[in-house]
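Please look over the sequence and the structure shown here, and then read the briefing that follows, which is grouped by topic.

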Amino acid sequence: MSAPVVSPSNQAGLRPDVAGLIAEPRAQVLVIGGGINGIATFRDLALQGVDVILVERGDYCSGASAASSHMIHGGVRYLENGEFRLVRESVQERNRLLRLAPHYVKPLPTTIPIFSTLSGIVSAPLRFLTHKQSKPKERGALLIKLGLLGYDSFSRDGGSVPRHEFAGRKKSLAKLPQLRPDVKYTATYYDAAVENPERLALDLVEDARATGPQARSANYVEAIGVSGDEVLLRDTVSGREFSIAADAVVNTTGPWTDLTNQALGSPTTFMGGTKGSHIVLDNPALLDACAGGEVFFENDDGRIVLIYPLNGRVLVGTTDLEADITQPAVCTEEEVDYFFELVSHVFPRIPVDRSQIVYRYSGVRPLPKHDDTAPGFVSRDYRIETSRLGGGTTVPMLSLVGGKWTTFRALSEHLANETLELLGKTRRVSTERLAIGGGVGFPTTTWATDSWVAAHASDLGADRARALLARYGTKADKVIAALSESADDRELVSVAGFTAAEITYLVENEFVVHLTDLVLRRTILAFVGRLDQAAFDELSLVAAHALGWSPEQLAEERAVAVKDLALFHGLELDAAPAGVAVTDKSSAV
């Protein structure tokens, strides 16, 4: 999604993260852009002992990185584009993330329904050679079989996931009885889903900052220009402007890369992102029909489509439309109609309607400029461009073009290596086997999980310890310690499974600045349709108490949140319901 519609009024004083930047306004590297790739680069450089600063104009992981399909995948369809290097790297990174972040990245069986045997065997090679969108033609069994054989060949690392399997009509309908009855085959292979990508990104931020005081970061700080050889920044909360001097600048602002470079006096035309939208459905029949896995197929218009269970709901996506980066990316009613057609294309007997949509979202992919190339054939690979800050000759600047969730670790390694070369430094730590955040020591068997729960159940009970382990990985031990010492660990009236103390912990320890940070990215309540009016009101009060908001600040925070939730996510809430008021911090809850 885009930046917030409006900004709440300035808060008194400066946030500690911002005050720290102003007090020591110099670093070896300044990373601009706190999406998944900027955050991962920040972490990688911090692990090398580099004095590094990360700034993000919104919340961490709130832009393009918050609008993904929640997939960690090898990109089987990229084979048709000839992007073999990207597929190989993506498959290897998928397998690696299953090991390094097992608390959030989970295996996902993926099934392709197939309705012909030979279809596409001529048109696919033509698309491969020309990268032009020919008349859409469904891929048949032979073509898909060849593709999956190649796909499996990239995953020879000890069998992280099973090889693909083919099934005929009878077995396919026995497994997925709601499929279109004219299905001829199904092909099933494994990829992975990231259940809570925003929390995975927060783990990376905290990993970086844990390396020491040389790794600093601040959200809601935007790059607005240059002052000599320094980057001019603005704290969007207080309005305070200040400069940071760095030996190298790294631009990881995704779809906004050209706009950032323009602001920094180095105009570029690298980017040409496309818009992708998704909807989340509360539809038990469709959830059951997926049988615990993703259904992945090509629609009649040639677009690749996915339908899969996620956090007890069904995610449906995605579109691939030309985008104007200067305009908010929103999921339109036309796209919703398109998604409903997708579902009926594969599961014709399962009704879907707008009353089942609990959440919708849209974003712009950080793709390179592609001129006349059809959106589906634009490369999903990445490259690194070199220039100079402000068009001068002193401070080198690296701009990331492209990138996707699956390859963030490998991409950040490449970007960090180029940055280290500019600094005359060498790599001292590899991230290839370094577990991420709550994935450190995460139990991956039933016995190990039970043992972890038993070891942490004395204060809050086994059920609560198990729930927190699932929510935070092994970082749950810090949450449990904080909750066990809290005097207000009462379950929220409107949000089952959460307590006031847990929400307060998130607000106070996870860089929450605005109400939207809490409801959209520190929890998945909005995503799964649990952010009703009562929940919104109660969470507002807990956040106000934790951050010491005045009544006026709380009212403004609620107004911004309600406007954003309606525009970007289709959630209709009241900004000022009767009975919600805060007079001072002590009476906020």
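A salt bridge is a side-chain nitrogen of Lys or Arg within 4 Å of a carboxyl oxygen of Asp or Glu. Asp59, Asp517, Arg521 and Arg522 are linked in a network of such salt bridges, and a search of the whole structure finds 31 salt bridges. This is a predicted model, in which local features need pLDDT of at least 70 and side-chain atom pairs count only at pLDDT 80 or more, while totals for chains, interfaces and linings use all residues. Residues are numbered from 1 along each chain as its sequence is written, and side-chain values use heavy atoms, with hydrogens and water left out.

**Salt bridges between pairs**

- Asp247 forms a salt bridge with Arg26, and the closest N and O atoms of the two are 2.4 Å apart.
- Asp247 lies in strand S10 (residues 241-251) and Arg26 in strand S1 (residues 26-32), so this pair ties together parts that are 221 residues apart in sequence; strands (E, at least two residues) and helices (H or I, at least four) are DSSP runs, numbered from the N terminus.
- Asp247 is partly exposed, with a relative accessible area of 35%, and Arg26 also counts as partly exposed, at 39%; here buried means under 20% relative accessible area, exposed over 50%, and partly exposed in between (1.4 Å probe, protein chains only).
- The side chains of Arg234 and Glu222 meet in a salt bridge, at 2.9 Å from N to O, and this pair links strand S9 (residues 230-235), which holds Arg234, with strand S8 (residues 221-227), which holds Glu222.
- Arg383 forms a salt bridge with Glu385, with the closest N and O atoms 2.6 Å apart; Arg383 is partly exposed at 35%, and Glu385 is partly exposed at 24%.

**Two buried residues**

- Phe408, which is in helix H11 (residues 408-423), is buried, with a relative accessible area of 1%.
- Leaving aside neighbours within four places in sequence, Phe408 is in contact (heavy atoms within 4.5 Å) with residues including Ile36, Leu97, Leu204 and Ile436.
- Phe408 and Ser90 are 318 residues apart in sequence, and their C-alpha atoms are 9.5 Å apart in space.
- Arg15, in the segment before helix H1 (16-23), is buried as well, with a relative accessible area of 14%.
- The side chain of Arg15 makes a polar contact with the side chain of Asp235 at 2.7 Å, and a polar atom of the Arg15 side chain lies 2.9 Å from the backbone oxygen of Asn219.
- A polar contact is a pair of N or O atoms within 3.5 Å; within protein, one must be able to donate a hydrogen and the other to accept it, and residues adjacent in sequence count only if both atoms are side-chain atoms.

**Helix H18**

- Helix H18 (residues 551-569) has 19 residues and reaches 26 Å from its first C-alpha to its last, close to the expected 27 Å; the expected span of a helix is 1.5 Å times one less than its number of residues.
- The buried residues of H18, among them Leu554, Val560, Leu565 and Phe568, pack against strand S16 (357-364), helix H16 (515-522) and helix H17 (533-547).
- After H18 comes Gly570, whose phi is positive, near 70°.
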